[in-house]
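Please open the structure in your viewer and keep the selection panel at hand. The tour moves from one selection to the next.

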Amino acid sequence: MQETRRVGLVVNPTAGGGTAKEVGAQLARRLVDAGFDVIGLSALSADVALDNVRGRLSELDYLVVVGGDGMVHLGIQAVAATQIPLGIIPVGTGNDFAAAARLHADPDRAIEKLVAGITAGTTPRAVDLLRVEGTGVIDGGCWVAGAVSAGIDAAVNARANRMRFPRGSSRYVIAAIREILGYRSWGYRLTIEGVAPTPPQRAELETFPGLLMGARDDHGEHTLTWEQRGALVTAANGSTFGGGIRVAPNARIDDGSLELVLARDVGRLTAARLFPLMIAGAHLRSPHLRAISARAVTIDSLDGPASSPVVYGDGERIGALHIRVQVHRGALRLLG
């Protein structure tokens with residue numbers, strides 16, 4: 001007799017304007033009807049929910065989260081680099097990682113595909129995650145599915161998280177406009193590892209102020225350094241943040257590299273001109289920005305601790321500088 005498979009379920013009841021609660025209940029009913037044992041692990045706080053998951057992880061065959069990128073962030077803290085697959089029903093403000101993974105945006109269709117897939121025993125996809133560690137990171141380290149932000153991009157996230165209206169991705173656009181109006185820059189020292197540019201890409205990199213390229217190693221890769229005042233530093237696994245802002249249009253969640261996007265200290269007027277281009281993913285044509293495919297990046301602040309930028313990952317505050325971000329290929333087994 002086949003043992004009943006167990007699904008851990010975590011729902012953010014406030015996601016999607018409160019619709020996630022009913023979506024979670026619908027998913028639970030469908031899983032029970034399909035013969036699964038559903039273990040509810042939700043809680044009033046994300047920290048308690050994560051503790052619930054970690055405490056029961058050895059009992060689970062699958063973990064499924066219902067919500068936005070914050071719930072994805074919670075889920076990967078528990079299952080990254082394990083054999084437990086993660087399922088995602090996107091019912092959040094941004095759903096950027098779900099979009100990067102090409103999951104159904106409609107919750108009903110996402111439930112149908114997820115239940116059908118695990119009922120049929122479909123092999124999960126292996127996708128990359130970013131591991132963030134360093135003295136500035138809360139608890140010393142965490143996993144990130146989408147993007148690590150350490151500049152105006154993080155400031156936009158912080159402001160958007162404080163806003164209650166409007167709902168939806170337009171909140172990030174308004175937050176970005178307000179941050180641009182109060183424009184500021186930060187002093188950075190970056191060490192960028194595992195860069196293998198083509199000759200045209202190398203020529204572009206060498207013309208970017210403050211960016212220096214080291215000698216090629218035995219693997220044909222270079223280590224770069226960047227010491228400069230800048231406005232934006234994003235280490236991206238997925239292409240978007242903030243509900244579709246295409247900060248790293250070339251990033252892919254399964255290519256074994258992170259996409260590092262740098263912006264110089266451009267000033268308020270240039271930042272205002274670049275932001276609409278970023279929404280469309282056309283900002284990398286600007287001489288003020290560069291995108292670099294790499295394996296890892298270490299980010300330090302040249303400013304004092306009081307002026308150091310905050311750091312966000314998957315829309316959640318994860319600390320401040322100093323940090324090191326490294327891509328881990330295939331660290332997540334993803335359902336759907």
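The model is predicted, so local features need pLDDT of at least 70 and side-chain atom pairs count only at pLDDT 80 or more, while totals for chains, interfaces and linings use all residues. Residues are numbered from 1 along each chain as its sequence is written, and side-chain values use heavy atoms, with hydrogens and water left out.

Select helix α3, residues 69-79 (helices are DSSP runs of H or I with at least four residues, strands runs of E with at least two, numbered from the N terminus). Because 10 of its 11 residues are buried, α3 is largely enclosed by the rest of the structure; buried means under 20% relative accessible area with a 1.4 Å probe, protein chains only. The buried residues include Met71, His73 and Gln77.

Next, select Leu190, Ile192 and Leu260, which touch the most other members of the largest nonpolar core, a set of 58 residues (buried Ala, Val, Leu, Ile, Met, Phe, Trp, Tyr and Cys residues joined through side-chain atoms within 4.5 Å). Strand β10, residues 222-236, gives this core its largest share, 7 residues. Apart from it lies another core of 32 residues, among them Leu41, Val53, Ile84 and Trp143.

Finally, select helix α6 (residues 152-162) and helix α7 (residues 170-181), which pack at an angle of about 120 degrees with their axes 8 Å apart; axes are lines fitted to C-alpha atoms over the stretch in contact, and angles run from 0 to 180 degrees between N-to-C directions. Contact means heavy atoms within 4.5 Å, and among the residues making it are Ile152 and Ala155 of α6 and Tyr172 and Ile180 of α7.

Definitions and conventions. Buried < 20%, exposed > 50% of the residue type's maximum accessible area, 1.4 Å probe, protein only.
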